[in-house]
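I hope they are handy while you turn the model around on your screen.

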Protein chains: 4
Amino acid sequence: MRIHIPTRLRWSDLDAYGHVNNAQMFGLLEEARIHAFWEGDNAEGDAPPTRIFQGGPTADTFTLIAHQEIEYLAPIAYQRDPLDLELWIGRLGGASMEVCYEVWSPVGETPRVLFTRATTTIVLVDAATMKPRRIRDDEREAVAPYLGDMIEFGKK
Amino acid sequence: MRIHIPTRLRWSDLDAYGHVNNAQMFGLLEEARIHAFWEGDNAEGDAPPTRIFQGGPTADTFTLIAHQEIEYLAPIAYQRDPLDLELWIGRLGGASMEVCYEVWSPVGETPRVLFTRATTTIVLVDAATMKPRRIRDDEREAVAPYLGDMIEFGKK
Amino acid sequence: MRIHIPTRLRWSDLDAYGHVNNAQMFGLLEEARIHAFWEGDNAEGDAPPTRIFQGGPTADTFTLIAHQEIEYLAPIAYQRDPLDLELWIGRLGGASMEVCYEVWSPVGETPRVLFTRATTTIVLVDAATMKPRRIRDDEREAVAPYLGDMIEFGKK
Amino acid sequence: MRIHIPTRLRWSDLDAYGHVNNAQMFGLLEEARIHAFWEGDNAEGDAPPTRIFQGGPTADTFTLIAHQEIEYLAPIAYQRDPLDLELWIGRLGGASMEVCYEVWSPVGETPRVLFTRATTTIVLVDAATMKPRRIRDDEREAVAPYLGDMIEFGKK
């Protein structure tokens, strides 16, 4: 099972080649990750059940990023409809988890195109002590339905 | 009459003060302007009738930005629901027009908060000759319903 | 007398038109303003005497931006050498000041090209009370040599 | 042997946590990569001998990014002096190469801090046919002195 986060491009995500810039892609992943996992609702009522982690500088727990890996499969042109970002958990450790992403063309377009695959290693850190803290049972239960295979990146 | 463009923040629009950065604000205005005026539809079917100007590097007419002015009235914190950007035309010249903006809190929130007011002067330029070209009658008709008063900025 | 701040472009400042994006321009102005006015030295030893205002989220005084105005005179292509940003004070009020900018081609290039002119209204705000606070005498003295004419923008 | 590219932060590279944003980090790597490998000189005369690849949308050969990997070792606060980015070639293939990076604290600061390690897989593509093209002998010779070990990332 995967979390689907519709994620809009901005014109300014393009660089002078006319495609989404390689660095901006991480901004899109970050945006989808926040919509998937940070607690809090929005008025549009489409909150996934994985919105349980605190976010922002005033949280008790920080979600630090330790590692990222990405594979660019096809260039992304500007488009108005939101890209279909699929997220799931590739590994659930003691104090860390691996978020996996596939970036697909907008829902409804045919054929579907897979643009990018990526992973982000997140470590939960106690904001007071700045030490890693264990993922709690309620947190494990919330993300468990979205556990899936780790991405195998093409050999370089 | 005004064009309403719901415009989402990204977490990365904030700077280290925890509010939307002054320069990023122009990125949000650009995004709303593109959704209001660049031709082409999207699958969500909410295209305003002012989507008549070509956009992007392959267009016959470029819409160059000659001047911008902005007034910041209140800091903008991160929020999930899209800001309510209102756009209208403050002046319609021979080859140029003045786009006016008000940036409001998300629809449904009370009280409504006006965060920012701004204007952008756009000049239509023939891509072949790079000379200004007249706004055509069909273009005038499309934007005419959205003509309104120019913004009077507070004295500095 | 003007403060000269050499300011480098980044490749990612360009948009799909192949020129510096209109919104990114404000990021360049911000960067030059910080190098001109925020206190603290750097190892390269080229600190202007106007580096007297505290910056960043932990300062006692915030330098809020109330208003900005900009005129784009020529498109800026990617270039390696730093642009020559000239800054001066166009107006020095009780609790606010007007920073003026001219963005020129890199030092040594001929002919010199003026790309952009802009102004930023800065208000000094006490971080504890969030009320404007008066510019102190030592602050006035530091910026006084750089007082000059306000920019007259072309009529729209 | 490594290529040293002094790379300045911008204030806007920070996010609301007050540190360089994880996605912005890739913008810094891109900037250093361009200064290390794109052909063309600058007036400051510090061009490394590896500046031999064409860059930008009008080049005959595009340098596409196929894969990136990054490990964040310590958060980066705002600082005026340029970070010391070290670049080398971890693998030189038929039509592709692996650029390795270490992001260090500014030259002269003690103790030196290693903030980030990363790799980018670049594929040379013929702009006319959009097929990979072989790295030429003169290109191999220019980068050969900077061949070194591939980065071994910490296990996740």
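Predicted model: local features only at pLDDT ≥ 70, side-chain atom pairs only at ≥ 80, totals over all residues.

1. Staying in chain C, strand 3 (residues 83–92) has another partner to look at. Strand 1 of chain C runs antiparallel to strand 3 of chain C, with five bridges between them. Thr7(C) has Leu83(C) as its bridge partner there.

2. Tyr17(C) belongs to the loop that links strand 1 (3–7) with helix 1 (24–37) of chain C. Tyr17(C) and Gly40(C) are 23 residues apart along the chain, and their C-alpha atoms are separated by 37 Å.

3. Next, the sheet in chain D. Strand 2 of chain D pairs with strand 5 (residues 114–126) of chain D in the antiparallel sense, through eleven bridges. Within this pairing, His67(D) has Thr121(D) in strand 5 of chain D as its bridge partner. Strand 5 of chain D is also joined to strand 4 (residues 96–104) of chain D, by nine bridges and again in the antiparallel sense. Here Val99(D) sits opposite Thr120(D) of strand 5.

4. The helices give a simple geometry check. Helix 1 (residues 24–37) of chain D has 14 residues, which at 1.5 Å a residue should span 20 Å; the C-alpha atoms at its ends are 20 Å apart, so the two values agree. Since 14 of the 14 residues of this helix are buried, helix 1 of chain D is largely enclosed by the rest of the structure. Helix 1 of chain A has 14 residues as well and reaches 20 Å from first C-alpha to last, close to the 20 Å expected. That helix in chain A is mostly covered, with 14 of its 14 residues buried.

5. Where do chains A and D meet? The contact involves 21 residues of chain A and 21 residues of chain D. On the side of chain A, the elements that give two or more residues are helix 1 (24–37) and strand 2 (61–72). Strand 2 of chain A supplies the largest share, eight residues. Sorted by class, this side of chain A holds ten nonpolar, six polar and five charged residues. Pairing crosses between the chains too: strand 2 of chain A and strand 2 (residues 61–72) of chain D run antiparallel and are joined by five bridges. One pair to inspect is Gln68(A) with its bridge partner Ile70(D).

6. Chain A superposes on chain D by a rotation of 180° with 0.0 Å of shift along the axis, at an RMSD of 0.0 Å. Glu69(A) has the C-alpha of chain A nearest the axis, 2.2 Å from it. Because 100% of the interface residues of chain A are also interface residues in chain D, the copies meet through the same surface.

7. Chains A and B form another contact, with 20 residues from chain B and 20 residues from chain A. The chain B side has six nonpolar, seven polar and seven charged residues. A rotation of 180°, with 0.0 Å of shift along its axis, places chain B on chain A with an RMSD of 0.0 Å. The two copies are therefore related as by a two-fold rotation axis. In chain B, Arg8(B) has the C-alpha nearest that axis, 4.5 Å away.

8. Neighbours within four places in sequence aside, the contacts of Leu87(A) include Ile3(A), Ile5(A), Ala32(A), Ala36(A) and Val99(A).

How values were computed. Residues numbered from 1 in each chain as written. Chains lettered and ligands numbered in written order. Helix = DSSP H or I, 4+ residues; strand = E, 2+ residues; numbered from the N terminus. Expected span 1.5 Å × (residues − 1). Buried ≥ 20, exposed ≤ 12 C-beta atoms within 10 Å, placed from the backbone. Contact = placed C-beta atoms within 7 Å. Nonpolar A, V, L, I, M, F, W, Y, C, P; charged D, E, K, R; others polar. Pairing = 2+ DSSP bridges. Least-squares fit on C-alpha atoms with pLDDT ≥ 70 in both.
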